[in-house]
Amino acid sequence: MAKEEQNYADAGMMIRKPVAEVFNAIVDPAVTTKFWFTKSSGKLEAGKTITWSWEMYGASGDVRVESIEADKKIVMYWGNAGSETKVEWNFKALDAEKTYLHIKDSGFQGNTDEILAKVRDSTGGFTTVLDGLKAWLEHGIQLNLIGDKFPAGK
């Protein structure tokens, strides 16, 4: 397998909600803040750069949105300058009340061990995001997964 083919993180989950609702949960920070980041400079829009913040960690990052296809796909870039990764969100309606959301994060840089560590961290991170999204949309439960992932004094 070529190095480039291995250089991505991958996570997916079925959410028992219509595709438009799942799509909106990623685009609209009023929803996304219920399960992922705590603050955003705005909604995701093609051609815009948005800042997401995780206030409990004093961290933030810019998200450069390349393209959006409503209820189908979001392509964005994030990370440090020179080492951004491409994140593709693919939304597939399984039926009127179920959506499969697949996330692929690609373009990691570094030696083999560094790339493997980044792929592992990204896969775990996006799996946590999907878990929180599912709990929020299906059950209205804020699991606080992101805030509890790295508690102070651990």
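The model is predicted, so local features are given only at pLDDT of at least 70 and side-chain atom pairs count only at pLDDT 80 or more, while totals for chains, interfaces and linings use all residues. Residues are numbered from 1 along each chain as its sequence is written, and side-chain values use heavy atoms, with hydrogens and water left out.

**The nonpolar core**

- A nonpolar core here is a set of buried Ala, Val, Leu, Ile, Met, Phe, Trp, Tyr and Cys residues joined through side-chain atoms within 4.5 Å. Buried means under 20% relative accessible area, exposed means over 50%, and partly exposed is in between (1.4 Å probe, protein chains only).
- The largest such core holds 32 residues, and Trp-36, Trp-52, Trp-89 and Leu-133 have the most contacts inside it.
- Two or more residues each come from β1 (8–15), α2 (19–27), β3 (49–54), β4 (59–69), β5 (73–78), β6 (85–95), β7 (98–106) and α4 (112–139). Helix α2 gives the largest share, six residues.
- Which residues does Trp-36 contact, leaving aside its neighbours within four places in sequence? They are Trp-52, Trp-54, Trp-78, Trp-89, Phe-126, Val-129 and Ile-146, where contact means heavy atoms within 4.5 Å.

**The largest pocket**

- Spaces were searched on a 1 Å grid over the protein atoms alone: a pocket is an open set of points with protein on both sides within 12 Å along at least five of seven lines, a cavity is a set of points where a 1.4 Å probe fits but cannot get out, and lining residues have an atom within 4 Å of a point. Grid points are joined across faces, edges and corners, and a volume is the space filled by probe spheres set on the points.
- Helix α4 gives the most, with eight residues.
- By class, the pocket lining has 13 nonpolar, eleven polar and seven charged residues. In this scheme Ala, Val, Leu, Ile, Met, Phe, Trp, Tyr, Cys and Pro count as nonpolar, Asp, Glu, Lys and Arg as charged, and the others, Gly among them, as polar.

**The cavity**

- How many cavities of 30 Å³ or more does a search of the whole structure find? It finds one, and the largest cavity has about 30 Å³ of space.
- Lys-34, Phe-35, Gly-132, Ile-141, Gln-142, Leu-143, Asn-144 and Leu-145 line the largest cavity. These divide into four nonpolar, three polar and one charged.

**Thr-38 and its surroundings**

- Thr-38 sits in the loop between α3 (29–32) and β2 (39–40), and counts as partly exposed because its relative accessibility is 32%.
- Not counting residues up to four places away in sequence, Thr-38 touches Thr-33, Ser-53, Trp-54, Glu-55 and Met-56.
- A polar atom of the Thr-38 side chain lies 2.9 Å from the backbone nitrogen of Glu-55.
- Thr-38 and Met-56 are 18 residues apart along the chain, and their C-alpha atoms are separated by 8.1 Å.

**Residues on the helices**

- Val-27 lies in helix α2 and is buried, with a relative accessible area of 11%. Beyond residues up to four places away in sequence, Val-27 touches Lys-43, Leu-44 and Ile-74.
- Ala-20 is also in helix α2, but is partly exposed at 39%.
- Thr-128 belongs to helix α4 and counts as buried at 11% relative accessibility. Leaving aside neighbours within four places in sequence, Thr-128 contacts Leu-145, Ile-146 and Lys-149.

**Positive phi angles**

- Most residues other than glycine have a negative phi.
- Asp-71, in the loop between β4 and β5, has a positive phi of about 65° and is partly exposed at 27%.
- Asn-144, in the loop between α4 and α5, has a positive phi of about 60° and is partly exposed at 46%.

Methods: Helix = DSSP H or I, 4+ residues; strand = E, 2+ residues; numbered from the N terminus. Polar contact = N/O pair within 3.5 Å; in protein donor to acceptor, adjacent residues only side chain to side chain.
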